[in-house]
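Welcome, and thanks for opening the viewer. Let's take a short walk, one selection at a time.

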Amino acid sequence: MAKILIIEDDPNVRAAIEHGLTQAGHSVLPTANGKEGMNALRQSTVDLVVTDIFMPEQEGLETITALRKQYPKLPVIAISGGNVVSEAMLSVARELGAQEVIEKPFGLNSLLTAVGKVLGNSKTQ
C-alpha cells in the first residue's frame, strides 16, 4: 500500500483520515499545515499528499503550488469544507495540479476511491 502525507489543521479531521487510511492498509504521515507538510517531505518520501485548503501557517493552494515546483510528479488530493468559497478554491486547486478534489464532509469510501484513482489502483482495500 501507499505512504500518504496528510496536511490538515483540524485535529479531528486529521485523525479520522489517518485512521481510515491506516485501516485500509496505508502508511500515514500526519501534519497540521502546509509548512509542516513541506518540512516532512524533505525528510521522508511519500506516494501521495492529501491536503486541506484553508489552514494557518501555509494554506493549501500555496502548498499545492510548492509541491508542483518541488515534486512535480507527486499526486495530490485537495479537500475543503463544502461551501461556495471552498468549491471555488477546490476548482483552483485542480487548476494548480491537484488530481482529485473532495468536499467536506466526506465519507471514507469517497476518500479511498479518490486515493485509488490517483494512485492508479482500482481498489485500495
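In which sense do strand 1 and strand 2 pair, and over how many bridges? Select residues 27–31, which make up strand 2, and show them beside strand 1: the two pair in the parallel sense, over 5 bridges. Bear in mind as you look that this is a predicted model.

Next, select strand 1 by itself, residues 3–7. Of its 5 residues, 4 are buried, so the rest of the structure largely encloses this strand.

Now bring in residues 48–52, which are strand 3. Strand 3 also pairs with strand 1 in the parallel sense, here over 4 bridges.

Our last stop is glutamate 8, in the loop between strand 1 and helix 1. Is glutamate 8 buried or exposed? Its relative accessibility is 0%, and because buried means under 20%, glutamate 8 counts as buried.

Show its side chain together with that of lysine 104: a polar contact of 2.9 Å joins the two. Then display what else surrounds glutamate 8. Beyond its neighbours within four places in sequence, glutamate 8 is in contact with several residues, including Val13, Arg14, Thr31, Asp52 and Ile79.

Definitions and conventions:
Residues are numbered from 1 along each chain as its sequence is written. This is a predicted model: local features need pLDDT of at least 70, side-chain atom pairs count only at pLDDT 80 or more; totals for chains, interfaces and linings use all residues. Side-chain values use heavy atoms; hydrogens and water are left out. Buried means under 20% relative accessible area, exposed over 50%, partly exposed in between (1.4 Å probe, protein chains only). Two strands pair if DSSP finds at least two bridges between them. A polar contact is a pair of N or O atoms within 3.5 Å; within protein, one must be able to donate a hydrogen and the other to accept it, and residues adjacent in sequence count only if both atoms are side-chain atoms. Contact means heavy atoms within 4.5 Å.
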